[in-house]
Amino acid sequence: MIKLLPQNIRDQIAAGEVVERPASVVKELVENSLDAGADIIEIWVEAGGKDLIKIKDNGAGMSAQDAKLSVERHATSKITSTDDLFNLHSFGFRGEALAAISAVSDFTLLSKTKESDEGTLITIESGNFVSQEIAPSSTGTTITIKDLFKPVPARKQYLKTDETEYRQILKLIQSFSLAHAAVSFRLYKDDKTTLDYPAESHSKSRVKRVLKKRDEDLVEVNFSGRQITLSGFISTPDQGSRSKRGQYLFVNQRPIEDHLLSFAVREAYVQSCGI
Ligand code: ADP
Ligand code: MG
């Protein structure tokens, strides 16, 4: 017999595509905070994100009406037509992340716009809407995710140790930090501050802090062609390594991994430095 699945089960299945592990939740939420124009983003993680992920930003926030819509599937403020897909300036556009994440956790969203005096608090448990209340909030958005994969326990077994899951989050935040020097990032692990990157006006200062380099270790690279502009830093040959592990590549401020590019960068480096 064929049955239509209830919406919360559909969302839990769909969540499998967006939410693979704690770091994928953090990625979606940090992208949302950046899209909202935040320049301070704080992230709390407990038990590698399995028990708690909390993200607070000082971005534009949402009205009560938008907050309610934001957790619906296919709800996005970022595109209105398929044409927009070819002119994207935001990280997100599918309108799926919040619906997916709230389908597989105990989820709260607290948000306030600067025009409003009061914030909105939305509570969702395993995809079931619990409440929407008026609540005090600073301007911006705070999202709390407890007990990730609670309604889909089978997925928990694919998670690695707390430490491994945490390290993926740490790497992710470092990567975002390299691409967004003007944004202050702070990461707390089980209530201890583990990363604290103040906003910088020059990306070199951020690169130095994240990769623990000195001024003289970094060489600035700039190129502007017809199709692309390229900017970044390479380390001096005495600091260089033969592996691509120390490479961070970004396209339009998005971290990417690409074997061909990695290889090309490494070859050019090795050949010109003779290491
Ligand atoms: P998408 O990013 O693809 O639009 P999401 O599910 O991630 O989809 O978010 C849905 C909508 O909720 C966004 O389009 C945005 O309008 C709003 N939103 C989500 N997170 C934030 C945030 N941190 N600050 C302000 N608005 C947000
Ligand atoms: Mg998004």
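Visitor: Let's start with F129. Does it count as buried, partly exposed or exposed, and which value puts it there?
Guide: F129 counts as partly exposed, because its relative accessibility is 43%. Keep in mind that this is a predicted model.

Visitor: Okay, and where does F129 sit?
Guide: In strand β5, which covers residues 128-135.

Visitor: How far is F129 from M62?
Guide: Along the sequence they are 67 residues apart, and in space it's 18 Å from C-alpha to C-alpha.

Visitor: New topic: charges. Which residues make up the negative patch on the surface?
Guide: That would be E46, D51, D190 and D191.

Visitor: Where's D51 in all that?
Guide: D51 is in the loop between β1 (40-46) and β2 (52-57). With a relative accessible area of 48%, D51 is partly exposed.

Visitor: And where are D190 and D191?
Guide: D190 is in the loop between β7 (184-189) and β8 (192-197), and D191 lies in the loop between β7 and β8 too.

Visitor: Buried or exposed, those two?
Guide: D190 counts as partly exposed because its relative accessibility is 38%. D191 has a relative accessible area of 59%, so it is exposed.

Visitor: What about the phi of D190?
Guide: It's positive, about 45°, although D190 is not a glycine. D191 also isn't a glycine, and its phi is positive as well, near 75°.

Visitor: Why would anyone point that out?
Guide: Because most residues other than glycine have a negative phi.

Visitor: Got it. Back to β1 and β2: how many residues are between them in the hairpin?
Guide: There are 5 residues between them. One residue in the turn, A47, has a positive phi of about 50°.

Visitor: Do those strands run parallel or antiparallel, and how many bridges join them?
Guide: Antiparallel, with 6 bridges joining β1 to β2. To pick out one pair, E42 has K56 in β2 as its bridge partner.

Visitor: Which way does β2 run relative to β6?
Guide: Antiparallel again: 6 bridges join β2 to strand β6, residues 140-146. You can look for L52 opposite K146 in β6, and K54 opposite T144 in β6.

Visitor: How many bridges join β3 to β6?
Guide: There are 7, between β6 and strand β3 (residues 106-112), and the two run antiparallel. D106 stands opposite K146 in β6, and K146 is also what L52 stands opposite.

Visitor: So is β6 largely enclosed or largely open, and why?
Guide: It's largely enclosed by the rest of the structure, because 6 of its 7 residues are buried. To count as buried, a residue needs under 20% relative accessible area.

Visitor: Last one. Which residues form the nonpolar patch on the surface?
Guide: L5, I9 and I13, and together they have about 250 Å² of accessible area.

Visitor: Where's L5, and is it buried or partly exposed?
Guide: L5 lies in the segment before α1 (7-18). Its relative accessible area is 42%, so L5 is partly exposed.

How values were computed
Residues are numbered from 1 along each chain as its sequence is written. Chains are lettered from A and ligands numbered from 1 in the order in which they are written. This is a predicted model: local features need pLDDT of at least 70, side-chain atom pairs count only at pLDDT 80 or more; totals for chains, interfaces and linings use all residues. Side-chain values use heavy atoms; hydrogens and water are left out. Patches are made of residues with over 30% relative accessible area and no salt bridge: like charges are joined within 9 Å, nonpolar side chains (Val, Leu, Ile, Met, Phe, Trp, Tyr) within 5 Å. Accessible areas come from the Shrake-Rupley method with a 1.4 Å probe; for residues, only the protein chains shown count as cover. A salt bridge is a side-chain nitrogen of Lys or Arg within 4 Å of a carboxyl oxygen of Asp or Glu. Lys and Arg count as positive and Asp and Glu as negative; His and the chain ends are not counted. The place of a charge is taken as NZ of Lys, CZ of Arg, CG of Asp or CD of Glu. Helices (H or I, at least four residues) and strands (E, at least two) are DSSP runs, numbered from the N terminus. Buried means under 20% relative accessible area, exposed over 50%, partly exposed in between (1.4 Å probe, protein chains only). Two strands pair if DSSP finds at least two bridges between them.
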